[in-house]
Amino acid sequence: MKFVRYTTDASPQWGVEHDSKLHPLSGLPDGPPDLSDLANPSYRAAVRRALQDGALPSRAADDVRRLAPVPQPGQIVCVGLNYHDHAEEQDEEVPDRPLLFAKSPSAVTNPDDPIVHPAATDEVDYEVELGIVIGRTARNVDAANAREYVAGYTIVNDVSARDAQFDDGQFFRGKSYDTFAPMGPALVTDDSVDPNTVDVELRVNGEVKQSSSTKEFIFDVDEVVEYISGITTLRPGDVISTGTPGGVGIFQDPPDLLEPGDTVEAEVEGIGVLENPVVAAEGDR
Ligand code: MG
């Protein structure tokens with residue numbers, strides 16, 4: 001199922017998208033969901049039954065403002081170098097374990113909201129990624145059971161200031177400027193998407209820059225949840241961003257980076273298109 005967090009000028013709410021219609025979930029007997037509900041098979045079954053019975057109200061799916069499924073993650077854990085084609089473009093060896101870094105939860109921004117290009121950097125880059133949203137507290141989880149802890153999958157654009165990232169020798173600043181984590185436009189459960197076999201693509205001003213598949217993962221979703229949950233307890237609302245394929249701007253010759261005025265579309269098959277304009281920072285326009 002495809003869950004959508006959205007607003008129509010009132011409070012944020014959850015709906016389920018089906019056949020181009022959006023069905024608000026506020027009227028369900030169990031009430032609107034939180035992220036643990038979305039990971040709960042009995043809640044999902046209740047939504048599915050209500051959909052089949054025509055028991056939910058409906059509206060057009062395209063006239064709402066979509067929001068990031070998790071506005072304030074407890075943490076955003078990112079995997080670096082997790083696609084074979086991205087390792088190749090950097091002449092990097094395939095790592096023997098997932099390489100992790102943190103991105104500030106405050107960097108989250110909504111679909112269609114701007115990515116603000118900071119004045120402090122000249123090298124703002126894009127990275128389309130499949131995002132895993134945790135729905136159940138996970139500690140020392142086996143890969144074989146990892147899916148039980150996942151509320152669903154979304155799209156993250158792991159926007160990166162390359163000069164900050166490379167100059168600092170660690171990733172936090174370059175990855176964490178405000179608005180550097182666009183997320184959305186939906187949260188899709190694994191009964192309708194296999195996260196380890198979906199196509200991923202990123203376009204800037206309509207031109208394809210990254211095009212791959214999560215079949216290229218070095219460590220798949222299940223292995224990544226196992227590995228991270230063995231290090232840090234994952235809680236509902238934590239987000240794992242699973243790495244990006246080849247084609248990022250900094251490794252083009254010449255580099256092909258984001259500038260104010262650009263429009264970025266990050267697409268993951270079965271989830272949707274996450275679109276954001278790039279704007280200059282206030283005072284820098
Ligand atoms: Mg990344």
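What spacing do the donors of the magnesium ion follow along the chain? They follow E-x1-E-x28-D, and that is where I'd like to start today.

Before the details, a word on what we are looking at. This is a predicted model, in which local features need pLDDT of at least 70 and side-chain atom pairs count only at pLDDT 80 or more, while totals for chains, interfaces and linings use all residues. Residues are numbered from 1 along each chain as its sequence is written, and side-chain values use heavy atoms, with hydrogens and water left out.

So, the metal. The magnesium ion is coordinated by Glu127 through OE, Glu129 through OE and Asp158 through OD, at 2.0 to 2.1 Å. A donor here is an N, O or S atom within 2.8 Å of the metal, or 3.2 Å for Na, K and Ca; water is not among the atoms, so sites may look incomplete. Two of these residues link distant parts of the chain: glutamate 129 sits in strand S11, residues 128–134, while aspartate 158 is in the loop between strand S12 (150–157) and strand S13 (160–161), 29 residues apart from glutamate 129. When I say strand or helix, I mean a DSSP run, numbered from the N terminus: H or I with at least four residues for helices, E with at least two for strands.

Are glutamate 129 and aspartate 158 buried or exposed? Both are buried. Buried means under 20% relative accessible area, exposed means over 50%, and partly exposed is in between, using a 1.4 Å probe and protein chains only. Asparagine 157, in strand S12, is buried too, with a relative accessible area of 1%.

Now to the aromatic rings. Rings of Phe, Tyr and Trp (its six-membered ring) pair if their centres lie within 6.5 Å; planes under 30 degrees apart count as stacked, over 60 as edge-to-face, and the rest as tilted. By that rule there are three aromatic pairs. One of them joins phenylalanine 101 and phenylalanine 171: the ring centres are 4.9 Å apart and the planes stand at 65°, so this pair is edge-to-face. The two partners come from distant parts of the chain, 70 residues apart, with phenylalanine 101 in strand S7 (residues 99–103) and phenylalanine 171 in the loop between helix H4 (162–168) and helix H5 (172–176). Phenylalanine 101 counts as buried, at 12% relative accessibility, whereas phenylalanine 171 is partly exposed at 30%.

There is another ring to look at on your screens. The charged end of arginine 136 sits over the ring of tyrosine 149, 4.4 Å from the ring centre. The rule asks for NZ of Lys or CZ of Arg within 6 Å of the ring centre and within 35 degrees of the ring normal.

Next, helix H2, residues 41–52. Its expected span is 1.5 Å times one less than its number of residues. For the 12 residues of H2 that gives 16 Å, and the end C-alpha atoms are 16 Å apart, which agrees. Which residues of H2 are buried? They are Tyr43, Arg44, Ala46, Val47, Ala50 and Leu51. These cover an arc of only 160° around the axis, which puts them on the same side of H2; the arc is that of the directions from the helix axis to the C-beta atoms. The face turned away from that buried side carries the exposed residues Pro41, Ser42 and Gln52.

Let's move on to strand S15, residues 199–204. Two strands pair if DSSP finds at least two bridges between them. S15 runs antiparallel to strand S16 (residues 207–213), with six bridges joining them, and valine 204 has glutamate 207 as its bridge partner in S16. Five bridges join S15 to strand S18 (residues 263–268), also antiparallel, and there valine 200 stands opposite valine 268.

Which residue in the hairpin of S15 and S16 takes a positive phi? That is asparagine 205, near 50°, in a hairpin with two residues between the strands. Asparagine 140, in the loop between S11 and S12, also has a positive phi of about 50° although it is not a glycine.

Last, the backbone has cis peptide bonds to point out. The bond from glycine 184 to proline 185 is cis, with omega near 0°, and proline 185 lies in strand S14, residues 181–188. The bond from aspartate 253 to proline 254 is cis as well, again with omega near 0°; proline 254 is in the loop between strand S17 (239–241) and S18. Thanks, everyone!
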